[in-house]
Amino acid sequence: MKVDHFENTEYKCSNSDTALNVNDGVEQPPILNPYITSFYKKHKVRQLTFDDYMEGIKAGDRTILSRAITLVESSLPEHRDMAQRIIEACQASSSNTSMRIGITGVPGAGKSTFIEAFGGLLTSRGHKLAVLAIDPSSEKSKGSILGDKTRMETLCNDPNAFIRPSPSAGSLGGVARKTRESIILCEAAGFDVVFIETVGVGQSETAVHSMSDFFLLLMLSGAGDDLQGIKRGIMEMSDLIAITKADGTNVDKANLAKALYANALHLFPPTESGWVPTALTSSAVTKEGLEEILQKIYEYFDLVKENGYYLHKRREQARYWMYESINETLRNSFYENPVIESIMPDFEKMVLGGQMESFIAAHKLLEIYKNNSGEKDFPRQ
């Protein structure tokens, strides 16, 4: 006989007997912490005076040094006077015996890994190292990741090293506009070796070359046409080429690339400094080749200091950046002119609407600026 156990059966379920019941839950906290205002009022960062900045920089205080570089990098007009005073004061105590080393290379060459390993070797030799790492800025959001401190974890914790990432902000050659001023501040803080790491664009490295004493190019083995580097002209500026990642099964390829690049360097005319560039291999993992690179750098500085080229190049750097400062000052003066600020949106709309050619709009804006600038002082950098 078939028995249906569910027939005529009445189920009585309480609220606690079903999984379909929805509890009231806990009260949701507010989106913003209600105590955040009082916290910031209590822990408000004290505004530093000029004397505070100078005492901190000369004492090697890395926190104050970072704040000073932030002030120098700021585009706010109200920060320029203080930044200029700090730069001028640090310029007097900036070292003429330091080593400014520009480091660039193709993307993926391992620049950050190399800098961490090589920087550790320098600090172990008693040097104080400042790393000014330039991160590429997004063309869309204009932001940068600034993640070099994450990639250089060991060097970041070294008491004799200072790492400062800065956004490129669209600057030519992948160098932040205020990098040279940051170098002066770092040297005034007692750092005798300064690395300027570029984003590795490979095409426009004139800016970093113009602010460094020694130019180090990092290359990969088997990365394509070896002559491509010569056509770019970047090898012509290099004082030393280091073939990175020369470890494991890549050693033979690295040695072959070393020979090819060393031969290619001989095709260029003699350098003004009297230095003969060459190529070496290195590995940030096994530390092989790092000592040889350091010895080459020491040899270079011994040579250029003896024959006078070191000071000659420093003067050339100063001349180059004099013109760059003029260009920057004129640019700021133009865009901050109140007349230009008021009419710029209208000209932009006409260009976007096809009512005026861009060259004509630029010419008219410059004419208006020239007629309205008067005797107004240019803003200080």
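Predicted model: local features only at pLDDT ≥ 70, side-chain atom pairs only at ≥ 80, totals over all residues.
Student: How are two packed helices described?

Tutor: Two packed helices are described by the angle between their axes and the distance between the axes.

Student: Which residues make the contact between H5 and H13?

Tutor: On the H5 side, look for Phe114, Ala117, Phe118, Leu121 and Leu122; on the H13 side, find Leu290, Glu291, Ile293, Leu294 and Ile297. Sorted by class, that contact has 9 nonpolar residues, no polar ones and 1 charged residue.

Student: Okay, now H2 and H3. At what angle do their axes cross?

Tutor: H2 (residues 50-58) and H3 (residues 62-73) have axes that cross at roughly 125° and come within 8 Å. H2 and H3 are therefore oblique to each other. As for handedness, H2 passes H3 in a left-handed crossing.

Student: Which residues meet there?

Tutor: From H2 you have Asp52, Tyr53, Gly56 and Ile57, and they meet Ile64, Leu65, Arg67, Ala68 and Leu71 of H3. By class, the contact of H2 with H3 has 6 nonpolar, 1 polar and 2 charged residues.

Student: And how do H15 and H16 pack?

Tutor: H15 covers residues 338-352 and H16 covers residues 358-373; they pack at about 165°, with axes 11 Å apart. Angles over 145 degrees count as roughly antiparallel, so that is the word for H15 and H16. H15 passes H16 in a right-handed crossing.

Student: What should I click on to see their contact?

Tutor: In H15, pick Val339, Ile340, Ile343, Met344, Phe347 and Val351; they meet Ser358, Ala361, Lys364, Leu365, Ile368, Tyr369 and Asn372 in H16. These residues divide into 10 nonpolar, 2 polar and 1 charged.

Student: Which helix gives the most to the lining of the largest pocket?

Tutor: That's H14, with 6 residues. Helices H9 (206-209), H11 (234-237) and H14 (309-335) each supply at least two residues of the lining.

Student: And what classes of residue are in the lining of the largest pocket?

Tutor: The lining has 12 nonpolar, 10 polar and 5 charged residues.

Notes: Residues numbered from 1 in each chain as written. Heavy atoms only, no water. Contact = heavy atoms within 4.5 Å. Helix = DSSP H or I, 4+ residues; strand = E, 2+ residues; numbered from the N terminus. Nonpolar A, V, L, I, M, F, W, Y, C, P; charged D, E, K, R; others polar. Axes fitted to C-alpha atoms, helices over the stretch in contact; angles between N-to-C directions. Parallel < 35°, antiparallel > 145°, perpendicular 65-115°, else oblique. Left-handed = near helix turned anticlockwise from the far one by under 90°.
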